[in-house]
Amino acid sequence: MLPRFPLSFLFLTAGALGSPMYDMVLPPMSTVVDVINLPIFDPRPVLAEIRKIQLKYRNAPNVMAGQNLVPLPDALSDPALDAQSDAAFTDTMSDLSGFALSGSTPTSQQANMSFSVMTSAAQSATDPLTDEMQGNLDIQYYGPLWFGKKAQELLVIIDTGSADLWIPVLCDNCVNPQYKAAESSTYRDTKDKFEVTYGVGDVQGTLAYDTISLGGLKVNKQYFGAVTHVSSDFNDDPISGLLGLGFSSIATSGKPTFFENLIIQRKVAVPFFSVHLTRGKASGSEITLGGYDMSKGVGPLTWVSVISKTYWTVHFDGVVVDGNYVSGDLSAAIDTGTTLIYVPQMFASSIYARIPGAGPAANYGSGFFSFPCNATLTISFSLGGHDFELSIRDFNLGQDEDRSGNCIGGIVGIDDEFMNGFAIIGDEFLKSWYSVYDYSHGARVGFAPSINNAQ
């Protein structure tokens, strides 16, 4: 996330794991840009996010090397999870209404689903998310989560790039709504220290647990950080806390995530959650736990295997720019909590070298590049052997200066030593792809063309 500032068709083929895989025919996402009405690029939130990235992912080399990881619960590797996901998507492809969530309520949408291996209460729930915007940037996405015996509602950022849940409790310097723990008879404070750094911000407190729910889904003993201090940048946000949805192998708490507990306790019908992110609309985004919304993904899924059960990490083969391939060979975290796309500096330079008229935008910093605003580009990311197109609407961050004819690109380079072999793919990419985060089949991420592309 950035800090705040004052229809394609997919053709079914046989997958290596016996589950559906797809080869893609991509829709053209390049558009004619109205240069006159493009905003001027504001570097401040991006520079702040770069600082955030450098701290949030400071342990990425050790994480990718498998060092100091928390063992994942055995239940998350149960072969039965494969059958649950396969059955769900088989039903979906034979009857597209099978997973569609229709209608709405003020807080959630739900779809009851049954599988013989699940409990009768297993289901799914959809939580509406708010898109916080600044200018032409979609800064971050957040939604409600309910805490304690009396189900107190607090807003939390949805973040697949981390694995801890935290909210303020008796926090002296917090200005946003806090959890009134004293009103919940099921709240317990372990007194164990809790501290997490999310870039320019950090939170400190103790580890606690209580009942936490989303829609009709409830975990009775969910551990979270009861934060008593937050750095000032968190008080600039309209949210109270953060819901980490990465693998608990990287959790500071050492405990399973909220969604992992839903799987372990058989509260969800299927072991995946799905995310739809809007473009330039405050409402309309959503996260579905234990389900898939066919109204948001307008085609079947292309599955990409997870190569590290830490972040939702996939292999980033390279980038195709107007038919010219740029090799990457990187590990990439799919991160709903990051706004832009960050790659090693040399890789970024190689990508922009394939765009006619592009070059360094040194006035903003070494990682920024400009390109002709009226360029009709086609840029695709090759992830795990499949190509996914990046919308030029999201790639174009605005003019480098008024009526210059050049615009700043949304693929940003960071120091090669820090980003060695690593990349972060954020909301800039995910706005074009409805994404599914699945614990089955050894873990995988699915992408379906987003309804955004038809709007």
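The structure is a predicted model, in which local features need pLDDT of at least 70, side-chain atom pairs count only at pLDDT 80 or more, and totals for chains, interfaces and linings use all residues. Residues are numbered from 1 along each chain as its sequence is written, and side-chain values use heavy atoms, with hydrogens and water left out.

The average pLDDT (the predictor's confidence in each residue, from 0 to 100) of the protein chain is 85, and 83% of the residues score at least 70. Across residues 3-28 the pLDDT is below 50, and this stretch has 69 contacts in the model beyond near neighbours in sequence, a contact being heavy atoms within 4.5 Å. The pLDDT is also below 50 over residues 92-121, a stretch with 59 contacts beyond near neighbours in sequence.

The protein chain contains 7 helices and 28 strands. Helices (H or I, at least four residues) and strands (E, at least two) are DSSP runs, numbered from the N terminus. Of the 455 residues, 60% count as buried. Buried means under 20% relative accessible area, exposed over 50%, and partly exposed in between, with a 1.4 Å probe and protein chains only. The protein chain exposes about 17100 Å², of which carbon and sulfur atoms supply 52%. Accessible areas come from the Shrake-Rupley method with a 1.4 Å probe, and for residues only the protein chains shown count as cover.

Aromatic rings were examined next. Rings of Phe, Tyr and Trp (its six-membered ring) pair if their centres lie within 6.5 Å; planes under 30 degrees apart count as stacked, over 60 as edge-to-face and the rest as tilted. By this rule there are 35 aromatic pairs. The pair of F273 and W312 is edge-to-face because the ring centres are 6.0 Å apart and the planes stand at 85°. This pair links distant parts of the chain, with F273 in strand β12 (residues 272-276) and W312 in strand β16 (residues 312-321), 39 residues apart. F273 has 0% relative accessibility and therefore counts as buried; W312, also at 0%, counts as buried. The rings of Y352 and F395 have centres 6.0 Å apart and planes at 25°, so this pair is stacked. Y352 belongs to helix α5 (residues 345-352) and F395 to helix α6 (residues 392-395), and the pair links parts of the chain 43 residues apart. Both Y352 and F395 are buried. Ring pairs also join F316, F347, F381, F388, F429, W433 and F447 into a cluster.

Two lysines are placed over tyrosine rings. A charge sits over a ring if NZ of Lys or CZ of Arg is within 6 Å of the ring centre and within 35 degrees of the ring normal. K221 lies over the face of Y209, 4.7 Å from the ring centre, and the charged end of K255 sits over the ring of Y223 at 4.5 Å from its centre.

Polar contacts are pairs of N or O atoms within 3.5 Å; within protein, one must be able to donate a hydrogen and the other to accept it, and residues adjacent in sequence count only if both atoms are side-chain atoms. S249, in the loop between β11 (241-244) and α4 (258-264), is buried with a relative accessible area of 4%. The side chain of S249 reaches the backbone oxygen of K309 at 2.6 Å. Leaving aside residues up to four places away in sequence, S249 touches L69, V70, L72, K309 and T310.

R279 is placed in the loop between β12 and β13 (285-289) and counts as buried at 18% relative accessibility. The C-alpha atoms of R279 and D138 are 6.8 Å apart, although the two residues are 141 apart in sequence. The side chains of R279 and D394 are joined by a polar contact of 2.8 Å.

R444 lies in strand β28 (residues 444-449) and is buried, at 3% relative accessibility. A polar contact of 2.9 Å connects the side chains of R444 and D438. A443, in the loop between β27 (433-438) and β28, has a positive phi near 85° although A443 is not a glycine. Most residues other than glycine have a negative phi. A443 counts as buried at 1% relative accessibility. R266, in the loop between α4 and β12, likewise has a positive phi, of about 55°, but counts as partly exposed at 42% relative accessibility.
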